[in-house]
Amino acid sequence: MPHHPDNLPPLDRELLELTFDHVANGIYLVDGEGTTIRVNRTFEEMSGFSNAELVGRNLRDMVGPDREFSGSASLLVLEKKKPVTATYSTSTGRKLLVRGIPLFHDDGSIRLIINTIWDLTVVSYSRAVDADTARDAMPEEEDLVTCSPQMQQVLDLALRVAPTDSTLLLSGESGVGKSLLARLVHRASERRKGPFLQVNCGAIPETLLEAELFGYAPGSFTGADRKGRDGRFTLADGGTLFLDEIAELPLHLQSKLLGVLQEREFFRIGGNRAEKVDVRVIAASNRNLLEMVAAGRFREDLYYRLNVVPITLPPLRRRPEDIPLLADAFVERFNRKYRSFKQLSPPLLSRLEQLPWRGNIRELENFIERLVVTSTETVLTPENCGLPTAPANGQGSLKRQLENHEAEILTRAWEKHRTTRRVATALGISQATAARKLRRHKIGEPIDNPESSRLPT
Ligand SMILES: Nc1ncnc2c1ncn2[C@@H]1O[C@H](COP(=O)(O)OP(=O)(O)OP(=O)(O)O)[C@@H](O)[C@H]1O
Ligand SMILES: [Mg+2]
């Protein structure tokens, strides 16, 4: 319990009530049984449900396809006995981000769950709009869930900077959730009323990228649309532009991007008038940009201009506690999609927790979808979904299986020892071999955190 400084005026009940109702976030209080104790006024406004409608009701009876909520962070907190952050949709067509934090009795049972809620709704629907219309208007978008402390930190930072216009640089391996986080930041900012646009700098041919980003003026090149065309910077005015795979941006466009970030204005191709834009830029990369700066392939000044708020998402294998949580969420999602009733057995969940998931959350998601679609069993176990309980008796060629097994052993050793020397000693190999194998299996931390990052050397 926090101590009570005597020199402060006491918070009487009226002050507490006022504060409770008027803080910027929604608050939803739940007891150790999952029953709603009370919600604040902000929550009433953001959710469209009144306190009177919710109080005394158990969340287990309020979650489901035709119920109030599509899911409940509180129920996950009750199950995991840990803080959980997740996004959900309400039956009134709203999207909310919920952080649930448990407070415990002395005997370790949960006394209270405090849910703090952010509104991520893009379009506001009045309650008159029926739930089906709202669902149709808002295409099903993937929800986020996590109980890992590192991810909570990442989300804390993202939510703190969301309302500012700072440029963000998201780094992390492929499939860790950079794109998801970029959308979340947009939705948690006032800019959610404006557009969210995305450009994958690695997927668009270099010759077209400049026009894609900045547009071209009327008559600027033969065969081109006479009237000219708006680029993404123009289209994103008032909103957020997400520049994915920023490392792939060619050097001459890096200069032009730096110009926009500094001056908030740019020239179209063939244009002679500077165009002003109000765009928040979020960039992402799964490459080590600092190394690219050192190699002269990425402009240093642009790097520092983008890196105003760096956010590094940890790979899934560094937050194994998220694996069962995510796997369950994905099974639910794909059960809904394919109208099936699959369940993951506890042994399967703990087996999944030990796998390295080099493709991170995307790989886990695809794996679960494949299971739901192809398995003929209802309760999925390591055996009936072809996952070896011992890593080496799986499928594929002997070489492939040995490779996988080696990758797993190395991953575990690296998690534990963190230096090539200690990994080498633990596994009885030379340091050079350990370093080579770790590099080959791409084991080691990602990206852009000079203190702890770097693949092992
Ligand atoms: N915390 C999470 N909870 C639920 N789903 C998640 C979470 N994080 C990521 N996902 C899902 O995992 C998939 C991969 O995420 P995302 O596309 O954001 O990764 P990425 O880092 O942008 O990858 P890439 O570098 O390949 O673009 C997406 O389908 C996303 O919805
Ligand atoms: Mg992405």
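Guide: At 1.5 Å a residue, the 20 residues of helix α16 (residues 398–417) should span 28 Å, and this agrees with its end C-alpha atoms, which are 28 Å apart. The expected span is 1.5 Å times one less than the number of residues; helices (H or I, at least four residues) and strands (E, at least two) are DSSP runs, numbered from the N terminus. The model is a predicted one, in which local features need pLDDT of at least 70 and side-chain atom pairs count only at pLDDT 80 or more, while totals for chains, interfaces and linings use all residues. Residues are numbered from 1 along each chain as its sequence is written, chains are lettered from A and ligands numbered from 1 in the order in which they are written, and side-chain values use heavy atoms, with hydrogens and water left out.

Q401, A407, E408, L410, T411, A413, W414 and H417 are the buried residues of α16 (buried means under 20% relative accessible area, exposed over 50%, and partly exposed in between, with a 1.4 Å probe and protein chains only). They pack against three helices, α14 (346–354), α17 (420–427) and α18 (431–440), where contact means heavy atoms within 4.5 Å. Just after α16, R418 adopts a positive phi of about 65 degrees.

Another helix pair is formed by α8 (residues 206–214) and α10 (residues 251–263), whose axes lie 11 Å apart at an angle of about 10 degrees. Axes are lines fitted to C-alpha atoms, for helices over the stretch in contact, and angles run from 0 to 180 degrees between N-to-C directions. The two helices are therefore roughly parallel to each other (under 35 degrees; over 145 is roughly antiparallel, 65 to 115 roughly perpendicular and the rest oblique). From α8, E206, L209, E210 and F214 meet H252, L253, K256, L257 and V260 of α10. This contact comprises five nonpolar residues, one polar and three charged (Ala, Val, Leu, Ile, Met, Phe, Trp, Tyr, Cys and Pro are nonpolar, Asp, Glu, Lys and Arg charged, and the others, Gly among them, polar).

The next region is an open sheet of five strands in the order β8-β11-β14-β7-β15, with parallel pairing; two strands pair if DSSP finds at least two bridges between them. At the edges stand β8 (196–200) and β15 (309–312), each with a single partner strand, so one side of each has no neighbour in the sheet. On average, neighbouring strands are turned by 20 degrees against each other, direction ignored. Four bridges join β7 (residues 168–171) to β15 in the parallel sense, and L170 stands opposite I311 in β15. Helix α6 (residues 149–161) lies across β7, β14 (280–285) and β15, running at about 150 degrees to β15.

L170 and I311 are also among the residues touched by L181, together with V154, L155, A158 and L313, leaving aside residues up to four places away in sequence. L181 belongs to helix α7 (residues 178–187) and, at 2% relative accessibility, counts as buried. Its C-alpha atom is separated by 9.9 Å from that of L159, 22 residues apart along the chain.

Strand β1 (residues 26–31) has five of its six residues buried, so it is largely enclosed by the rest of the structure. Six bridges link β1 to the antiparallel strand β5 (residues 110–119), with V30 opposite I113. Three bridges pair β1 with β2 (residues 36–39), also in the antiparallel sense, and L29 stands opposite R38. β1 and β2 form a hairpin with four residues between them, and G34 in the turn has a positive phi of about 95 degrees.
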